[in-house]
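I opened the model to look up its cavities, its aromatic contacts and a few backbone details. My notes follow.

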Amino acid sequence: MTTTSTFNHIDLSSQPAGTTRPWTKVDAGGTSFTHERVTRAVRNMRGGAAAEFNTDVAGFGTFRWPSPLGADSDFVDDAAVRGPYYDDVIALLRADCEALASNAGTGKGGANNKVRKVVIFDHTIRRRVPGAARAPVQQVHVDQTPAAAAARVRRHLPPDEAEELLKHRFQLINVWRPIAHAASDHPLAVIDWRSTRPADFVPVDLLYPKRRDSVIDDDDRGKERPPPTTEADARLSTEGYEPRGETLGVLPSDDHRFYYVKDMTPDEVLLLKCYDSWGEGEPGGKTGLAVRTPHTAFEDPDTPADAKPRESIEVRALVFYEE
């Protein structure tokens, strides 16, 4: 089954004169660019279609993996999210990643490559309701550039350990799940990596609101706030913000193949690979191995008028391997 929708892509021609690099604000408080809107077909992965995809070949994969917090959890208990929920995400990533075909026979002595360590460094809860600190992002993007992925390793691990881990395969994976009810409203669409090319991706500075305590505490979880204003002039200003990350904007292409899971439930998860050091095109990368997953929220014209506003949680993790 297929639906059709309009998608927002970065439009580099729209940037103000003198802008050296495109930027976007993490709280949806503005961008240095406008969007090129294109209409695309979106294929539903329900049923047998989901078996065609995994993070090796397409950059994403879907699973039925009920949350330890329960299907009706609203994820407002931060200790529960960082405790049992994080533990469960780590278990999921270990189970899925070690079973990937790309790890078969690539370990020592021809054994399978094993996961050495999983480090969760961030989670974001998005609610499409007034006053929410974070809302669904309606722009095709990738969460991290290769440089930003390596920077995350060095930011979240001791220096000596980070440099050792960077000598081996590592991935940055986003584990995405609906909260409390099906994500019928503004579901998440993904683009099959096999339908992209390197020239489609544009580095974009990710700006965070400045915090007085950020020098001693750079963990933004639980400290998110809605953008201070929606005035047009303020949205074009970077005052009060600082670059603390780098994402990839995605230029439109008729070759892109879009997919989604219709009415995805809280008992299901979608794995989005943001980066893979073994991905095609990376130093030492492997031909045909997906390196990233473009994705975006979108308006499904088939969504019932009485559908509840989308709520979701995404957990970002670094996955390190023995080889």
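I looked up the second largest cavity and found a volume of about 30 Å³. A cavity here is a set of points on a 1 Å grid over the protein atoms alone where a 1.4 Å probe fits but cannot get out, and lining residues have an atom within 4 Å of a point. Grid points are joined across faces, edges and corners, and the volume is the space filled by probe spheres set on the points. I listed the lining as W176, A183, P187, L188, V261, M264 and L270. By class I get seven nonpolar, no polar and no charged residues. Ala, Val, Leu, Ile, Met, Phe, Trp, Tyr, Cys and Pro count as nonpolar, Asp, Glu, Lys and Arg as charged, and the others, Gly among them, as polar.

**Basis.** I note that this is a predicted model, where local features need pLDDT of at least 70 and side-chain atom pairs count only at pLDDT 80 or more, while totals for chains, interfaces and linings use all residues. Residues are numbered from 1 along each chain as its sequence is written, and side-chain values use heavy atoms, with hydrogens and water left out.

**Largest cavity.** I find two cavities of 30 Å³ or more in the structure, and the largest has a volume of about 80 Å³. Its lining has 14 residues, of which R126, H141, L188, H295 and E314 are the closest to the centre. Two elements give two or more residues to this lining, β7 (170-178) and β13 (295-297); strands are DSSP runs of E, at least two residues, numbered from the N terminus. β13 gives the most, with three residues. I count the lining by class as six nonpolar, four polar and four charged residues.

**Aromatic pairs.** How many aromatic pairs are there? The count is nine, with rings of Phe, Tyr and Trp (its six-membered ring) paired if their centres lie within 6.5 Å; planes under 30 degrees apart are stacked, over 60 edge-to-face, and the rest tilted. I looked at F7 and F298, a tilted pair at 5.5 Å centre to centre with 35° between the planes. F7 lies in strand β1 (residues 2-11) and F298 in the loop between β13 and β14 (311-321), so the pair ties together parts 291 residues apart in sequence. F7 is buried at a relative accessible area of 1%, and F298 is buried, also with 1%. Buried means under 20%, exposed over 50%, and partly exposed in between (1.4 Å probe, protein chains only). I also find F7, F258, Y260 and F298 in one aromatic cluster.

**Charges over rings.** I find R169 over the face of Y321, 5.1 Å from the ring centre. R244 lies over the face of Y208, at 4.7 Å. The rule is NZ of Lys or CZ of Arg within 6 Å of the ring centre and within 35 degrees of the ring normal.

**Positive phi.** A180, a residue other than glycine, has a positive phi near 70°. I place A180 in the loop between β7 and β8 (188-191), partly exposed at 33%. D263 has a positive phi near 55° and lies in the loop between β11 (258-260) and β12 (268-276). D263 is partly exposed, with a relative accessible area of 33%.

**G249.** I find G249 in strand β10 (residues 241-250), buried at 1%. Leaving aside neighbours within four places in sequence, G249 is in contact (heavy atoms within 4.5 Å) with I10, Q139, V140, D200, F201, V202 and V204.

Conventions. On a 1 Å grid over the protein atoms alone, a cavity is a set of points where a 1.4 Å probe fits but cannot get out, and a pocket is an open set with protein on both sides within 12 Å along at least five of seven lines; lining residues have an atom within 4 Å of a point. Helices (H or I, at least four residues) and strands (E, at least two) are DSSP runs, numbered from the N terminus.
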